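Please examine the structure below.

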Amino acid sequence: MSVLTWTAREAPPRRSRRLAELQRSHHAMWNYVTYRDALALTGMQAADFYPEGTTRLPDDWADLGWLTCFAGPPASAVAAMRDALVPEALDVYPPDLLEPLRDAAAGALGRRRDEGFEVVGTEGAQAGIALALMAVVDPGDEVIVGDPGYFHLPAAVIAAGGVPVPVPIDAASGFRLDPERVAAAVTPRTRALAVVDPVNPYGTVLPADAVAELTAMTEARGILLIHDVTHGLLRIDPAAPLHPAAGGSAVVTFSVSHCFGMAGARLGFLAGPPALVRACLQLKAALTRLNTNLVSQRGALAALRDQEYVGFAESVIRGNLAHLEATLAGLDGVRLAVAPQRGLACALDLTDSGTTAQELMVALFKRRVAVYPGDGLGDVAAASTVRLNLSTPDPRVMEHLRAVIGDALAEAASGRWREPVAELLTAKGTERAARLAERVRRRR
C-alpha cells in the first residue's frame, strides 16, 4: 500500500497547531478523488500501475490529468543535464541559481534584474509560494486565494499558520479573479493575496488593468501579492498576453515543471523586490539550505532559452484543443467551460450532463483515460468540472478519448458509480468531503 493511500491509526505523539490544522483540513495528503481512488473503485490495483512507487501510467493509457507538459522535456534541456552530470556538479553545495539562469528567468517574465527586481531559486513554484507566505503570515492571518485554483496553495497557507479565504471564480467573473470580489474579502487580518494566473483549470488570464488594480490595492493596504504564472509561458491564444505583477508589494513565481515538462527537475523561481526575495532565501536556508540542484539548473537554463520547443508545445496544445472541440460538438450536455488562453489545460463543464465530475472520472478510468475532477481545485465547480491536459503530442491519446467519452458519459449518467463515489468521499472524514458526497448523490 502506498504512503499516499494509507491512513495512520493515530496522531503523532506531538504535533504543532499548524500540522493539526492541516490534517483536519481536506488538504492533507490530497483529500479529493485521486487516481488511486479511481483505480480502486474500478477494481484495479494501484501497485500494478505504479511499480516501485512510480507515478507514470502505462503507455496504453490516455493520461490527461497530471499537469506537466507531455511535449517536453526539451531535448536541449536533457542534453544540457547530461553534459552537466559530472563530479564537480555533485561534490559541492551549488548556489541557489547560476547568474545566467537568474537573467533568463527574469527575461521569461519580461523583466531585467535591477535594484528593484531580483530572482532566487526554489524547489518548484510551490516552494516559492510557501516561502513568500512564511515571510509575511503569522498564525491566524488571512490569505485570499481563488476558488477554483491551485490545490496546494491553501495547504501552503495552512502550513504557514494562516487561514485561506476563498474568492469564487465563475462565469459571472469571466472565469477570472475579480478585483472587486477580492477587495470585498479583505479584512484587517489579510496579509497576502495569492493569484494563480492563468487560472487552474480554466486557462484564462488576467488583463493588464485587473493586474494593475490588484497591484495598486495590495500596495495601498500593505498586502503581499503573490502572482503565480507557472502555466503562463505557453500561449494558446496569441492575442492574450501575460502580465506578471510589478510593484513594491508583489512577487512572481513560476517554474520549469509544467510548461517545460520538467516536474522531476524540481526547479522554480521567486522574483520581486530584492530585500523580500533575499529574506525568502534566508528562510529557505533555514529550512532546506539555499542550494538548488546544479544539474537541474543547467537543464532549466537550456529550456528557458529554447524557443523552438515553446513553439512546438504551443502547436501541440492548440491542435489537441481543436480536436477536443470537435469531439464535444458530437456530445450532449458537455462543453468547454471557457476557451483557455494560456497554459496546457482546459475545463469541461458537466452541469447539463446528468452526472458529476467524480462519476465521469471513474467511468473514464475504467476505459483507460485518466482525468482529474474539480474537487481538488476548490468548492465552486467541485462536482461539475473535469480538467484535461492538452499537451500530449501522441495523437492516439485524443483519439482514444473521443472513442470512449460517449460511453463513459452514459455509464456515469446511469448512476453506476454514484453511490461508490459518495461512499468513498464520506470515508475521507472531512466536512468538505461529506458535502461533496451529498452533491454527488444529488448530481450537482
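Q: Are Y32 and Y372 buried or exposed, and by what criterion?
A: Both Y32 and Y372 are buried, a term that means under 20% relative accessible area, with exposed over 50% and partly exposed in between (1.4 Å probe, protein chains only). The model is predicted: local features need pLDDT of at least 70, side-chain atom pairs count only at pLDDT 80 or more, and totals for chains, interfaces and linings use all residues. Residues are numbered from 1 along each chain as its sequence is written, and side-chain values use heavy atoms, without hydrogens and water.

Q: Why is the aromatic pair of Y32 and Y372 called edge-to-face?
A: Rings of Phe, Tyr and Trp (its six-membered ring) pair if their centres lie within 6.5 Å; planes under 30 degrees apart count as stacked, over 60 as edge-to-face and the rest as tilted. The centres of Y32 and Y372 are 5.9 Å apart and their planes form an angle of 75°, so the pair is edge-to-face.

Q: What makes R111 a charge over the ring of F117?
A: The rule requires NZ of Lys or CZ of Arg within 6 Å of the ring centre and within 35 degrees of the ring normal. The charged end of R111 sits over the ring of F117, 4.0 Å from its centre. Likewise, the charged end of R416 sits over the ring of W417, at 3.8 Å from the centre.

Q: How do you know that D197 has no salt bridge?
A: A salt bridge needs a side-chain nitrogen of Lys or Arg within 4 Å of a carboxyl oxygen of Asp or Glu. For D197, the nearest side chain of opposite charge, R176, is 7.0 Å away, so D197 has no salt bridge.

Terms used. Lys, Arg positive; Asp, Glu negative; His and termini not counted.
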